[in-house]
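User: I would like to learn how to read a model like this one. Can we take it feature by feature?

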Amino acid sequence: MKSGFGLIGALSVVFTIVGCGASDADTSDQGSNSDGKDSVAEARKSVARQDLGDSSFKPAELESTVDKLVKAIEAEPAESMKLKVVLKTLTGYWEPVQLGAKRALGELEVKGGVDAPVDGTTGDEQTASQVAMMQDDIKSGYDGFGLAPMEDVITDQINAAEKGGAPVITIDSDLPDSKRTLYIGTMNADAGKTGGESLVEQLGGEGKGSVVIYGNDDPAWVDGYERTMGAKKAIEAAGYTGIVIKVNWDDGGEEKDMQVLTDAFNSADPPVVGMIGVFSVAFRCAMLAEQVGKKAGDLKIAAFDFDPKTVEYMQSGYIQVTHAQRQYYMGYLAPYVLYGINVLGADKTKSLLKANMVDDVRFNAGLDIVPAAKLDDYYSYLDSLGIGGIQ
């Protein structure tokens with residue numbers, strides 16, 4: 001499989017973590033003492049979740065699901081356990097994931113931590129490092145893992161953990177052929193459909209003209225393909241002609257793609273009336289609009305993710321809406337669900353998550369739809385999570 005959107009930059013987001021209190025500190029010494037499990041039960045009468053305040057962007061259904069899980073956990077004797085979240089990296093797109101996971105570990109008062117391969121190494125080196133981490137952690141006796149898999153070679157470690165009684169939840173990127181208990185992340189076909197519908201709304205739904213879909217038409221990259229095809233289906237269902245242009249991620253890819261996008265724009269029949277970029281480099285659609293002499297708003301553009309360049313083009317009026325994944329909740333949910341599986345069992349835990357489950361093994365973290373006119377409100381919401389977006 002591909003190394004997930006985060007590794008290759010397809011879904012990179014630039015965030016900074018601001019001070020969030022003791023709950024976000026290293027929790028490796030929390031959750032147990034010399035008296036063992038019974039002393040943990042005495043120390044914690046309830047789970048004290050951090051109050052995030054109110055916002056139109058706060059996902060009410062997700063929050064309700066977490067509250068139901070917490071209520072069920074509180075009804076059980078507290079358990080002394082050790083949970084680990086292993087990511088692809090701890091920077092960029094993954095910072096909100098790390099923050100969410102650490103906060104949940106702190107609220108649950110369990111031992112654990114968040115780790116990832118060292119930045120700056122090659123993809124193969126990072127993959128090998130992640131595999132080694134899982135091998136070591138399984139030997140260390142962790143009771144469950146949240147894992148953002150680099151590649152499918154880590155399947156053996158997932159299966160080994162599960163065989164040993166430690167449930168594994170995949171985060172952001174899934175390995176459906178492994179024995180993982182659950183996947184938490186974005187449902188890419190649905191996300192693409194949502195993005196396409198957002199653009200159709202911006203276009204007025206007249207169904208006249210072509211729409212460039214800047215994404216991925218190679219089925220070998222399943223996540224990227226599903227997101228792209230989801231957008232294409234929504235756009236074509238509204239009567240528009242969809243033109244898929246594949247993103248080039250290689251060095252020099254932007255220059256090559258700008259030429260391909262220009263050629264597609266100039267040769268399209270009927271003429272292009274809108275564009276959607278379904279990855280973090282969606283801002284290249286706005287660059288194309290400028291390059292062909294379009295004024296802000298003349299060509300309707302929808303984007304994905306929160307790259308600083310995308311934000312700049314939203315502020316200038318070239319991009320009308322973007323769609324942001326809920327990385328914070330991916331990280332935050334993982335320890336809670338792992339804890340639930342350990343104390344309640346997998347079946348009962350899944351029943352408590354059913355409002356957000358698309359099937360028996362996939363939990364949909366959802367998507368934030370952010371119109372350009374609500375950028376300030378979205379930044380305020382990110383601040384309430386403890387995340388500050390860099391413009």
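User: Which helices each supply at least two residues of the lining of the largest pocket?

Analyst: This is a predicted model; local features need pLDDT of at least 70, side-chain atom pairs count only at pLDDT 80 or more, and totals for chains, interfaces and linings use all residues. Residues are numbered from 1 along each chain as its sequence is written, and side-chain values use heavy atoms, with hydrogens and water left out. Helices are DSSP runs of H or I, at least four residues, and strands are runs of E, at least two, numbered from the N terminus. Here α7 (188–203) and α8 (222–237) each supply at least two lining residues.

User: What classes of residue make up the lining of the largest pocket?

Analyst: The lining has eleven nonpolar, four polar and ten charged residues. Nonpolar covers Ala, Val, Leu, Ile, Met, Phe, Trp, Tyr, Cys and Pro; charged covers Asp, Glu, Lys and Arg; the others, Gly among them, are polar.

User: Which residues of helix α10 are buried?

Analyst: Buried means under 20% relative accessible area (1.4 Å probe, protein chains only). In α10 (residues 283–291) these are F283, R284, C285, A286, L288 and A289. After α10 comes G293, with a positive phi near 85°.

User: Where do D172 and D305 lie?

Analyst: D172 sits in the loop between β5 (168–171) and β6 (182–185). Its phi is positive, about 70°, although D172 is not a glycine. D305 sits in the loop between β10 and α11, and its phi is near 75°, also positive.

User: Is D305 buried or exposed?

Analyst: D305 is buried, with a relative accessible area of 1%. D172 is buried at 5%.

User: Which residues does a cis peptide bond join?

Analyst: D269 and P270, with omega about 5°. P270 lies in the loop between α9 and β9.

Key:
Buried means under 20% relative accessible area, exposed over 50%, partly exposed in between (1.4 Å probe, protein chains only).
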